[in-house]
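The points below can be read beside the sequence and the coordinates.

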Amino acid sequence: MLNFEFKNPTKIHFGKGQLSQLPNEIPAGVRLLMVYGVSSIKQNGIYEQVKSHLKEYHLFEFGGIHANPEYEVLLQALDIIRKEKINFILAVGGGSVIDGAKFLAAAAKYEGDNLWDMLTYRIRVEHGIPFGTVLTMPATGSEMNSGAVINRAATQEKLPMGHGPALFPQFSIMDPEFIASIPVRQIANGITDAFTHVLEQYMTYPTGALLQDRFCESILQTLIEIAPRIIENPADYNTAANYMWCCTMALNGLIQKGVPADWAVHSMGHELTAMYGIDHARTLAVIMPSHYRYNIHSKQEKLAQYAARVWNITAGSIREKAYAAIDRTEAFFHSLNIATHLSAYTPDFEGAAQQISRRFIERGWYGLGERKTLTPADVEKIVEMSY
Ligand code: NZQ
Ligand code: ZN
């Protein structure tokens, strides 16, 4: 097992009726900005419910943070933060709204000249406005981690921020009843994203981290078990609760401690969202199978372990089990109606591989993956295999 440090300061209020904790968590007297997405919380009633707990606050609002939070839109919210001297942010939404709030929290205290440098140079965020979240869409784990990914349409970039203590929410409220209104397409995305988060931290090479492996396998098995039920009926409370907690546990830092992590699938996937606007989770389903097939030699031991423990594939050599596990994972994504080839999402896929590889060279991303050995030339081949 590798050395590690672990601190996760986010307080979780999980379960029915937990919105009532809002006044206990948001300090009295703050100038509060509530940020949210395009329309869902106004349609499903969450907007009114949240506001009913915020009557005592000096409240400002900013709606319209759409999927893959856009830099230009967030700059408008930043104007309000500066003008109104906001000192607490409440994000009500999914990963996009929460990531947007993280950007705003950091941007408000950033002292450099160019805000986008925070992303270009992945500057660690030490200081920010405190913020909390009300999660309406399980998928990313953003409600309990210090990650955020921001899109910039003008330059066709989608880049992660540099983590740091100020990017952890102070608290997150997670009520599984809030997911009843999520469309099937987004539920399938959430399952695929959470599943891939676990794979990115598991599908590397063995390090003797027995407990971390079992954590990962149990999250994967639970997602597989509940996937058909949550797709069928997101209003089923117990299934929704299990689904929600799986998504959080997949990316709140715990399973990544003491083990190597890959994250190359996400790095390539973000480019596909930036270039074609494909949903985040679907980009992962496109890249993951080719990434694992291309890197079969370095990942086959963990793939074979995953084959046996998660999919009950026990026959054949290590290499055969590894390939069978990739096939089985693809079939799982297909069962969620998630296509695993780029050509299913866009007719303009030719040239994507070269473009992504070129961008990685421009940014100096010469070594991806758990061993930092994947070059832009490898990236080009992997993306090409995913057409
Ligand atoms: O905008 P509204 O109208 O609210 O609609 C949203 C949005 O269209 C809708 N939605 C959310 N809650 C709902 C609902 N619809 C009905 N009922 C509800 N209760 O769902 C749509 C998608 O929401 P979004 O927040 O974009 O989804 P998700 O949570 O999957 O977030 C995706 C973003 O997070 C980033 C992705 O790259 C992407 O930008 N990620 C963030 C990570 C992190 N912070 O750690 C890690 C991930 O790997 C990921 O990169
Ligand atoms: Zn993801």
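1. Contact, in this note, means heavy atoms within 4.5 Å. The model under discussion is a predicted one. With that cut-off, Tyr71, Leu74, Ala77, Leu78, Ile81 and Arg82 of helix α4 meet Gly100, Phe103, Leu104 and Ala107 of helix α5. Sorted by class, this contact of α4 with α5 holds eight nonpolar residues, one polar residue and one charged residue.

2. The geometry of this pair comes next. Helix α4 covers residues 71–83, and its axis lies 10 Å from that of α5, with a packing angle of about 50°.

3. What does serine 96 touch, leaving aside residues up to four places away in sequence? Serine 96 belongs to helix α5, which spans residues 95–107. Beyond its sequence neighbours, serine 96 touches Ile65, His66, Ala67, Asn68 and Pro69. For asparagine 68, the backbone nitrogen is 3.0 Å from a polar atom of the serine 96 side chain.

4. The sheet should be read by strand order. Six strands form an open sheet in the order β1-β8-β5-β4-β2-β3, and the pairing is parallel. The edges are taken by β1 (11–14) and β3 (58–62); each has a single partner strand, so one side of each is left without a neighbour in the sheet. On average, and with direction ignored, neighbouring strands of this sheet are turned by 20° against each other.

5. How many bridges join strand β2 to β3? There are five bridges between β2 (residues 31–36) and β3, and the two strands run parallel. Within this stretch of the note, one facing pair can be located: valine 35 stands opposite phenylalanine 62, a residue of β3.

6. Helix α4 lies across β2, β3 and β4 (88–93), and runs at about 160° to β3. Helix α5 packs on the sheet as well, where it touches β2, β4 and β5 (131–135). The direction of α5 makes about 165° with that of β4.

7. Another helix pair is α11 (residues 280–294) with α15 (residues 376–385). Their axes come within 8 Å and cross at roughly 125°. Helices α11 and α15 are therefore oblique to each other, and the crossing is right-handed. From α11, the residues in contact are Ile287, Ser290, His291, Arg293 and Tyr294; from α15 they are Asp378, Lys381, Ile382, Val383 and Met385. By class, the contact of α11 with α15 has five nonpolar, two polar and three charged residues.

8. A further pair is α8 and α9. Helix α8 takes in residues 210–232 and helix α9 residues 237–250; the axes come within 10 Å and cross at roughly 140°. Is the crossing of α8 and α9 left-handed or right-handed? The crossing is left-handed. On the α8 side the contact is made by Ile219, Thr222, Leu223, Ile226, Arg229 and Ile230. On the α9 side it is made by Thr239, Ala240, Asn242, Tyr243, Cys246, Met249 and Ala250. The residues of this contact divide into nine nonpolar, three polar and one charged.

Technical notes:
Residues numbered from 1 in each chain as written. Chains lettered and ligands numbered in written order. Predicted model: local features only at pLDDT ≥ 70, side-chain atom pairs only at ≥ 80, totals over all residues. Heavy atoms only, no water. Helix = DSSP H or I, 4+ residues; strand = E, 2+ residues; numbered from the N terminus. Polar contact = N/O pair within 3.5 Å; in protein donor to acceptor, adjacent residues only side chain to side chain. Axes fitted to C-alpha atoms, helices over the stretch in contact; angles between N-to-C directions. Nonpolar A, V, L, I, M, F, W, Y, C, P; charged D, E, K, R; others polar. Pairing = 2+ DSSP bridges. Parallel < 35°, antiparallel > 145°, perpendicular 65-115°, else oblique. Left-handed = near helix turned anticlockwise from the far one by under 90°.
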